Amino acid sequence: MIKKILFILTLPLLSIGQNVECIRTIKVVERSIESTSPFENTPSFFEKIKPCAEQGNAKAQNYLGMFYFKGIGVEKDHRKAFKYISMGADLNYNKAQYNLARFYKYGIGCDINFKKAVEYYKLSSDNGNKQAAYSLGYMYYKGLGIKQDYSKAVSCFRKSATPIARHFLGLCYYFGYGVTQNTNTAIEYFSSNPTINSKMLLISLLNDKKDKQDEKIEAILTNDTLKDVILESAETIGTNVSDRSFYEENELELKNILTTWEGKILQYDWSSTFIRRVIPVELTIAKDVDTGEIKVKTKFTELEEVEDMETKAVWQDQMLYFEDPEKTFRLKRLYPESPNRLYLNYNILSLNLKEYNYNGLNHLIGQVDTYIPEWAEYGKPMSIVLAPKGNGKYLEEQFLLELAKQDEHFIKLYPVPFKDKLTVHYQIENKANVSAELVSLDGLRKLNILSDRLQLADSYTHTVTVNSSLPKGIYVVKVKVNGKLYTRLVIKED
């Protein structure tokens with residue numbers, strides 16, 4: 001009995017001793033990470049930290065998870081990495097919460113879930129993690145897993161104050177995203193920032209690239225100029241321009257677009273509000289009489305360094321889906337942030353077009369969905385406005401007003417391209433019946449994502465596992481909300 005009592009009394013002492021040893025071990029690991037030769041003794045570190053993690057030490061759990069993630073001192077195991085990082089996050093350790101957010105964002109040991117990523121970035125940020133505050137701001141900046149909001153992004157960047165966050169604050173002040181536009185404040189952020197991003201961007205600004213581009217855009221698209229032109233045009237025909245019945249929208253048929261069009265592609269910012277680039281373009285859409293193939297030739301009429309591009313397309317759901325994802329066009333970046341990234345290659349994935357008739361002449365307006373292979377991301381929102389070649393005089397007068405507010409893509413997909421798993425994210429504003437499926441471009445292969453289901457107003461994420469029987473190629477994600485169809489193109493790799 002006495003021995004049993006003595007054993008029980010020694011348990012707290014053993015626990016205290018183990019905790020002290022864990023604290024020492026973690027300090028040694030931290031010093032090693034910060035040294036010039038990190039993880040020199042990782043096998044022994046792994047063995048010493050594992051018991052501490054099992055005892056519930058959040059720091060040890062975080063380190064053990066990262067050891068499993070990177071294969072340091074042990075074989076890589078993303079499932080175990082996720083397990084231990086989650087344990088540390090549950091104990092409110094901000095570094096573990098930050099790492100867990102990253103795991104959810106990139107699908108490491110779990111399905112990609114941007115909503116969860118935002119949740120854990122916020123927890124980590126609230127607990128004082130500055131890198132998490134920046135990452136949360138980045139999610140707000142681009143609208144990833146959360147409603148796009150520049151003001152909230154700015155708030156997060158200020159809270160972070162890391163060099164990369166200060167760089168994005170400079171961008172926000174330079175363009176007036178979420179703050180009052182102030183070039184001097186922006187340049188202060190860039191000039192005092194050590195990152196290569198800021199230094200390179202500062203060079204671009206000093207070369208007046210923004211001023212030259214803005215002058216071109218303002219000459220065409222500033223609200224005052226546009227308003228005057230539209231009002232003047234409306235007075236001529238006695239029409240109220242605030243009423244969209246000013247244009248007659250027609251049901252678009254393939255036969256009506258088989259011609260040569262000229263017009264402009266407009267590239268927006270991430271909020272789909274500010275027009276950042278105007279690209280004159282000529283589009284020839286033709287159908288081979290013998291094969292039935294649709295071919296689209298794209299000519300960028302004022303970009304000498306950009307070659308013409310011809311690609312096959314499929315007409316489906318009143319949309320043109322492009323069949324050659326390897327074909328790209330290259331655009332010079334307006335504000336390069338790296339000397340190695342002066343240009344970006346774009347794939348055109350689809351054109352979502354609507355036909356409008358004004359003065360007896362049909363015009364096309366729509367969204368351009370693009371993909372940037374280098375970033376494995378969709379490009380910024382783009383619109384296109386077209387008139388039959390030789391009749392472009394109506395473009396700026398009648399149809400740019402329709403483009404003043406660019407619609408945000410309803411469907412967001414991660415990752416792009418995908419291999420064995422695809423995550424579909426969307427948000428509905430009101431209660432609705434929703435269904436979703438993944439369909440090959442030829443329509444021969446289908447995979448159900450969501451059967452018809454009543455969903456309340458909220459954001460939703462669905463992850464579908466794709467087996468090896470589904471070959472690589474181009475697929476369309478189709479989401480129906482109360483019968484209204486939304487689509488987005490995605491590429492599957494081996």
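Here are a few notes on a helix pair and a sheet in this predicted model.

1. Ground rules first. Residues are numbered from 1 along each chain as its sequence is written, and side-chain values use heavy atoms, without hydrogens or water. Local features need pLDDT of at least 70, side-chain atom pairs count only at pLDDT 80 or more, and totals for chains, interfaces and linings use all residues.

2. Take helix α4 (residues 78–90) and helix α5 (residues 94–106): their axes come within 8 Å and cross at roughly 140°. That makes α4 oblique to α5 (under 35 degrees is roughly parallel, over 145 roughly antiparallel, 65 to 115 roughly perpendicular, the rest oblique). Axes here are lines fitted to C-alpha atoms, for helices over the stretch in contact, with angles from 0 to 180 degrees between N-to-C directions. Helices are DSSP runs of H or I with at least four residues, strands runs of E with at least two, numbered from the N terminus.

3. Who touches whom? On the α4 side the contact (heavy atoms within 4.5 Å) uses A81, F82, I85, S86, G88 and A89, and α5 brings A96, Q97, N99, L100, F103 and Y104.

4. Now the sheet: four strands, open, in the order β15-β14-β17-β18, with antiparallel pairing (two strands pair if DSSP finds at least two bridges between them). β15 (446–455) and β18 (484–492) are the edge strands with a single partner each, so one side of each has no neighbour in the sheet. Neighbouring strands are turned by 15° against each other on average, direction ignored.

5. Zooming in, strand β14 (residues 432–440) and β15 run antiparallel and are joined by seven bridges. A436 has L450 of β15 as its bridge partner.
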